[in-house]
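Hi,

Here is the structure I said I'd pass on.

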Amino acid sequence: MLDDRSSAADSAQAVALGFDFSNDFEPPASSRSRSDRLKVPLSTVIDRAADLIKRGWTHSALARDLRGNSVDALSQRASHYCAVGALRRALAEAGSDDPEGDALNIGESLAGVESDLMAFNDYPVRQHQCLGIQPRPQDMRGGHVVALFEEHRNSTRIRERFNGRSG
C-alpha cells in the first residue's frame, strides 16, 4: 500500500500496474448512505409517491390497472397505487436496489412502529366496512395518504431510519 513516504519508484510501479490515484475517487456504494445511492433526494421520492396517489389511489392491492385488476406496482399497466405500492414505484424509479424493502422501511417510519402503512392506507375502507357503509368512490381518493406523505416528506427521522437500514 502506498502512503506519503512511498518512493517515486513505488509510485511508478503502482501506475504501471494500473492503480488509479486520481482525485475523483468515489467511495464504494456500500459505504454511501442508502439515500445517497438514489438518483434523487428521499423527499423527492416521497413527493413522487404522493403524485402517484393523487393520480389514482387504491386499497387492498399494491397497484391496479385501469380495469381494477391487481397488478405489480412496477408494471407499466399500473394506474392506481396504494401507499406502499406508490413508494415502491417511486423508489424503483429513483434507482433503489431494493424498492420493496425500502418501501416497507419508509412505511414503518411514516405510520409508526405499532402500525403499518398498508393498514393506514386501507383504514377509511375498513372503517366504512366495519360500520356497514359502502364507501362512495368520491370518498376514497387517498387524501389521507397524500397528507401523510406531504407532512413527512422532509422528516429527519425517516431519512435516518432509511439510511440506517441494513442492506
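Of the 167 residues in the chain, 38% are buried (under 20% relative accessible area; exposed is over 50% and partly exposed is in between, with a 1.4 Å probe and protein chains only). Bear in mind that this is a predicted model, where local features need pLDDT of at least 70, side-chain atom pairs count only at pLDDT 80 or more, and totals for chains, interfaces and linings use all residues. Residues are numbered from 1 along each chain as its sequence is written, and side-chain values use heavy atoms, with hydrogens and water left out.

As for the fold, there are seven helices and three strands, taken as DSSP runs numbered from the N terminus (helices are H or I with at least four residues, strands are E with at least two). Their order from the N terminus is α-α-β-β-β-α-α-α-α-α. Among contacts with a separation of 6 or more, 58% join residues 24 or more positions apart; contact here means heavy atoms within 4.5 Å.

Now the helix packing, starting with α2 and α3. The axes of α2 and helix α3 (residues 83–93) are 8 Å apart, at an angle of about 130°. That angle makes α2 oblique to α3 (under 35 degrees counts as roughly parallel, over 145 as roughly antiparallel, 65 to 115 as roughly perpendicular, and the rest as oblique). For the record, axes are lines fitted to C-alpha atoms, for helices over the stretch in contact, and angles run from 0 to 180 degrees between N-to-C directions. On the α2 side, the contact is made by V45, I46, R48, A49, L52 and I53, and on the α3 side by A83, A86, L87, R89, A90, L91 and E93. By class, the residues of this contact of α2 with α3 are ten nonpolar, no polar and three charged (Ala, Val, Leu, Ile, Met, Phe, Trp, Tyr, Cys and Pro are nonpolar, Asp, Glu, Lys and Arg are charged, and the others, Gly among them, are polar).

α2 also packs on α6, at an angle of about 165° and with the axes 9 Å apart. So α2 is roughly antiparallel to α6. I46, A49, A50, I53 and K54 of α2 meet V145, V146, F149, E150 and H152 of α6. That contact of α2 with α6 has seven nonpolar, one polar and two charged residues.

Which residues of helix α6 (residues 143–152) are buried? They are V145, V146, L148, F149 and H152. These sit on the same side of α6, because they cover an arc of only 160° around the axis (the arc of the directions from the helix axis to the C-beta atoms).

S60 is in the loop between α2 (42–55) and β1 (63–64), and S60 is exposed, with a relative accessible area of 54%. Its phi is near 65°, a positive value in a residue other than glycine. Most residues other than glycine have a negative phi.

R67 lies in the loop between β1 and β2 (70–71) and is exposed at 77% relative accessible area. From R67 to R77 is ten residues in sequence and 9.8 Å in space, C-alpha to C-alpha.

E100, in helix α4 (residues 99–111), is partly exposed at 47% relative accessibility. E100 and L87 are 13 residues apart in sequence, with 8.5 Å between their C-alpha atoms.

Cheers
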